[in-house]
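The structure is shown below.

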Amino acid sequence: MTASAPPVLVFMGPSGTGKSTVAAMLAGRLGWAFQEGDDLHPAANVAKMAAGHALNDDDRRPWLETIAAWIDDSIAAGRPGVITCSALRRRYRDILRRENVTFVLLDGEAATVRERLMRRQGHFMPPALLDSQFATLEVPDADENAIAVTLDQSPQQQVAEVIDRLGLQPSA
């Protein structure tokens with residue numbers, strides 16, 4: 001990250017990995033802006049997923065562009081931020097990639113994530129689509145500005161790991 005632009009963290013990974021929980025906790029700990037990426041989905045995407053159908057690239061494109069606009073607005077305002085987005089493929093991350101964007105992959109086994117999804121209430125993403133998300137996932141390459149944090153820790157431990165690994169300063 002450079003000093004010229006504020007950092008933006010994109011919490012990524014399949015549904016059910018805890019992106020929203022950990023990202024919101026981290027944003028609160030840092031005093032940074034937070035945006036739930038799922039809230040930026042067009043209504044048609046939400047309906048499609050709720051009906052049990054996976055999104056295709058044409059479905060994802062306007063959503064990714066909206067997330068990219070949020071990132072650009074944060075940078076233009078000089079405001080560090082945290083946003084969630086599955087960002088499963090490199091080409092999706094390429095739409096979001098900026099000089100000061102770091103991707104934070106919440107990484108775990110499909111069985112662990114499936115168990116979490118089965119307990120989750122009130123979310124439009126059905127557990128049946130999890131396999132398609134893991135099949136789509138392209139773990140960030142070494143040339144991408146990304147870190148992976150494992151799911152075998154508590155959300156508090158994950159937040160602490162992100163702060164430590166990225167050298168961030170919690171707010172007072």
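Leaving aside its neighbours within four places in sequence, which residues is Val 162 in contact with? In this predicted model, Val 162 is in contact with Leu 9, Phe 11, Leu 26, Val 104, Ile 147, Val 149 and Leu 168, sequence neighbours within four places being left aside. Further points follow by topic.

**Nonpolar cores**

- The largest nonpolar core has 21 residues, of which Leu 9, Phe 11, Leu 26, Val 162 and Leu 168 touch the most other members.
- At least two residues of this core come from each of strand E1 (8–12), helix H1 (19–30), strand E4 (101–107), strand E5 (146–150) and helix H7 (155–166).
- H1 supplies the largest share of this core, five residues.
- A second, separate core has 20 residues, including Val 8, Met 12, Tyr 92 and Leu 137.

**Helices H1 and H7**

- The H1 and H7 axes come within 9 Å and cross at roughly 55°, so H1 is oblique to H7.
- The crossing of H1 past H7 is right-handed.
- On the H1 side, the contact is made by Thr 21, Val 22, Met 25, Leu 26, Arg 29 and Leu 30.
- On the H7 side, the contact is made by Pro 155, Gln 156, Gln 158, Val 159, Val 162 and Ile 163.

**Arg 93**

- Arg 93 lies in helix H4 (residues 90–96) and is buried, because its relative accessible area is 0%.
- The Arg 93 side chain makes a polar contact with the side chain of Glu 144, at 2.8 Å.
- Leaving aside neighbours within four places in sequence, the residues in contact with Arg 93 include Met 12, Phe 103, Glu 138 and Pro 140.

Definitions and conventions:
Residues are numbered from 1 along each chain as its sequence is written. This is a predicted model: local features need pLDDT of at least 70, side-chain atom pairs count only at pLDDT 80 or more; totals for chains, interfaces and linings use all residues. Side-chain values use heavy atoms; hydrogens and water are left out. Helices (H or I, at least four residues) and strands (E, at least two) are DSSP runs, numbered from the N terminus. Buried means under 20% relative accessible area, exposed over 50%, partly exposed in between (1.4 Å probe, protein chains only). A polar contact is a pair of N or O atoms within 3.5 Å; within protein, one must be able to donate a hydrogen and the other to accept it, and residues adjacent in sequence count only if both atoms are side-chain atoms. Contact means heavy atoms within 4.5 Å. A nonpolar core is a set of buried Ala, Val, Leu, Ile, Met, Phe, Trp, Tyr and Cys residues joined through side-chain atoms within 4.5 Å. Axes are lines fitted to C-alpha atoms, for helices over the stretch in contact, and angles run from 0 to 180 degrees between N-to-C directions. Angles under 35 degrees count as roughly parallel, over 145 as roughly antiparallel, 65 to 115 as roughly perpendicular and the rest as oblique. A crossing is left-handed if the near helix is turned anticlockwise from the far one by less than a right angle, and right-handed if clockwise.
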